[in-house]
Amino acid sequence: MSKGVHVKFSNVSKRFRTPKGDWYQALKELNFEIQPGEFVALVGPTGCGKSTALTLLAGLEQSSIGEVSVDGTAVKDIDIRTGFVFQHDATFPWMSVANNVGAGPKFRGLDPKEYRPLVQKWIAKVGLVGFEKHYPHQLSGGMKKRVALAQALINEPQLLLMDEPFSALDVQTRSIMTDELMTLWETTGSTVLFVTHDLEEAIALADRVIVLTAGPAQVKADFKIELARPRKAREIRFTEEFLKIYQNIWEVLRDEVDIAYQRQLIAPSEK
Amino acid sequence: MAEDFLSDAEIKRKQTKHRINVHSLQLAVAVALLGSWQILADKKILDPFFYGRPSGVMHQLGVWIQHGTSIGSIWVNAWVTLYEATYGFLAGVILGIIFGVFLARNPTAAEIFAPYIKVSNSIPRVVLGSIFVLWLGLGSISKVALAFVLVFFPVFFNAFQGTREADNKLIANARLLGASKRQVTTKIVFPSALSWITASMHVSFGFALIGAIVGEFLGAQRGLGLLIATAQGNFNPNGVYAAMLLIAIMALTAEWLITKLEDRLLKWRPTQVSGTEH
Ligand SMILES: Nc1ncnc2c1ncn2[C@@H]1O[C@H](COP(=O)(O)OP(=O)(O)OP(=O)(O)O)[C@@H](O)[C@H]1O
Ligand SMILES: [Mg+2]
């Protein structure tokens, strides 16, 4: 049983070079903490900086100012205790489904005899039995996403970062994967940071929902979700309590979504 | 609604029909070209003394096969050229891949070596043939060396570029999954550079043959290049063509083998020209 890690963003700012040569600021003095074993959902308007926050935490990029730390140590490089489900397809095109799912254990030098049953178990969990020998280009978008999920989850990461992991899935698979994720999280106790555009999903899954402002992202609000666990993700959406929470968060989020949308309308005529 | 997919047999029949059509047209082109050459030469419109003729080429091949050439058995000479080209090709491909991938993965090393690579690439490589003959003598080694330098650079540049183009997201994913730098190189970067590398291999075997033959022109005791040089000296155009024909057969066979290898190595790619249902 792995134990979740503690995460802290202290005054984190991040800027990027734009194609035109000037700077674009994606994160501005971002501050929040995640307790070990906590499940946090990150929501915010499109383009606000959610994926950027995840890449910093995964050690794929460095912050410009401020510090991202895991268990009190600044993140300087990739750490294999971290699992990452990318927003866009990152499966390996030259590996079959089975080899993609087994890539983590193989890279980590585990004995194939040991991890092969595990691979088979995960392939079954994500509903890809019969597709073991297929290559990614022979799969649908949703199937690729499921390969990516199995690929990340098989390593039972202590810190799980998920960037819209269920966005390409149909409703049924989505609810199966949601339940799987819940079970996994409850048994491993890992820390999860989950990016989604689906506020219902965020509330149904998370202990806390953090709302980010339109870019550059700052923490706009931080909601504790006091719904009892274990939750039945499918049924909980219709309870009074849930709807109230939804109303509260949406009120805050809507303003930011509006700002981002207005900007998109103005942006082209500005130049 | 009735399911009326084409049956496998029908698909196969369609493909066979298509192939037969293409092949018979190809044959027709060859017959037309060779036939008009033969007729023009027979009517002395093309002087066979300078231009040769198809029947003369076949005759020359027959003589070589039955009685050998002025420099020994035709098979020995063809074999010498083939293995010079093959050794040069293999050495060039292997070292080209190793250096290309290594330098692309180590940017500092790449920066240090960049000017030297540019300079050595700018040397007209055929000139090196003379130097190799001086250094390494009239034997096969100087030809292998020339074939090698001709193959090395295209493979090197493609391996380098292919490695640089490897998707950063895939590399990041592999590292998060626990891959060491070495595993990233062998399991991620190399496979993604493979299509670049095999692309360069297609042209490279031709270069290797050029290297072997030019090396033989410049000074040799055996080989098809020497045979061509001898035929040229004797005003025997049919001899030149006959040797060229043998070289073409080698090049086409190598091309076929490389394509087979490519299909095997890159079987994970979406098929460009799918064999099924158009
Ligand atoms: N490498 C980069 N170079 C330049 N700009 C970048 C880079 N990465 C991100 N950005 C910019 O930073 C901003 C935030 O991007 P990010 O991907 O974090 O958004 P997001 O919140 O994940 O959006 P979405 O919900 O649409 O996925 C965007 O405006 C984007 O253009
Ligand atoms: Mg994103």
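Reader: Where is B:Thr230 found?
Author: B:Thr230 sits in helix 10 of chain B. Keep in mind that this is a predicted model.

Reader: Is B:Thr230 buried, exposed or partly exposed?
Author: B:Thr230 has a relative accessible area of 23%, so it is partly exposed.

Reader: Which residues make the contact?
Author: From helix 4 of chain B, B:Ile74, B:Asn77, B:Ala78 and B:Thr81. Helix 10 of chain B contributes B:Leu224, B:Gly225 and B:Leu227.

Reader: Staying in chain B, where is B:Thr185 found?
Author: In helix 9 of chain B, which spans residues 181-218. B:Thr185 has a relative accessible area of 18% and is buried, because the cut-off for buried is under 20%.

Reader: What does the side chain of B:Thr185 make a polar contact with?
Author: With the side chain of B:Arg105, at 3.0 Å. Setting aside neighbours within four places in sequence, B:Thr185 is in contact with B:Val101, B:Arg105, B:Phe190 and B:Pro191.

Reader: And B:Ser204, where is that found?
Author: B:Ser204 is in helix 9 of chain B too. At 0% relative accessibility, B:Ser204 counts as buried.

Reader: What does B:Ser204 touch?
Author: Not counting residues up to four places away in sequence, B:Ser204 touches B:Phe89, B:Val151, B:Pro154 and B:Val155. For B:Pro154, the C-alpha separation from B:Ser204 is 7.2 Å, although the two are 50 residues apart along the chain. There is also a polar atom of the B:Ser204 side chain that lies 2.6 Å from the backbone oxygen of B:Ser200.

Reader: New topic: the metal. What is the magnesium ion coordinated by?
Author: The magnesium ion, ligand 2, is coordinated by OG of A:Ser51 and OE1 of A:Gln87, at 1.9 to 2.2 Å. A:Ser51 lies in helix 1 (residues 50-58) of chain A, while A:Gln87 lies in the loop between strand 6 (82-85) and helix 2 (97-101), so the pair ties together parts that are 36 residues apart in sequence.

Reader: Are A:Ser51 and A:Gln87 buried, exposed or in between?
Author: A:Ser51 is partly exposed at 28% relative accessibility. A:Gln87 is partly exposed at 29%.

Reader: What else is in chain A? Where is A:Asp179 found?
Author: A:Asp179 is in helix 6 of chain A, and it is partly exposed at 28%. A:Asp179 touches A:Ala233 and A:Arg234, leaving out residues up to four places away in sequence. A:Arg231 is 52 residues from A:Asp179 in sequence and 9.4 Å from it in space, C-alpha to C-alpha.

Reader: And what about A:Thr188 in helix 6?
Author: Helix 6 of chain A covers residues 171-188, and A:Thr188 is in it. A:Thr188 counts as buried at 5% relative accessibility. The A:Thr188 side chain makes a polar contact with the side chain of A:Ser190, at 3.2 Å.

Reader: What is phi at A:Glu29?
Author: Near 45 degrees, a positive value in a residue other than glycine. A:Glu29 lies in strand 2 (residues 23-34) of chain A and is partly exposed at 45% relative accessibility.

Reader: And what is phi at A:Glu164?
Author: Positive, about 45 degrees, although A:Glu164 is not a glycine. A:Glu164 is in the loop between strand 7 (159-163) and helix 6 of chain A, and counts as buried at 12% relative accessibility.

Technical notes
Residues are numbered from 1 along each chain as its sequence is written. Chains are lettered from A and ligands numbered from 1 in the order in which they are written. This is a predicted model: local features need pLDDT of at least 70, side-chain atom pairs count only at pLDDT 80 or more; totals for chains, interfaces and linings use all residues. Side-chain values use heavy atoms; hydrogens and water are left out. Donors are N, O and S atoms within 2.8 Å of the metal (3.2 Å for Na, K and Ca); water is not among the atoms, so sites may look incomplete. Helices (H or I, at least four residues) and strands (E, at least two) are DSSP runs, numbered from the N terminus. Buried means under 20% relative accessible area, exposed over 50%, partly exposed in between (1.4 Å probe, protein chains only). A polar contact is a pair of N or O atoms within 3.5 Å; within protein, one must be able to donate a hydrogen and the other to accept it, and residues adjacent in sequence count only if both atoms are side-chain atoms. Contact means heavy atoms within 4.5 Å.
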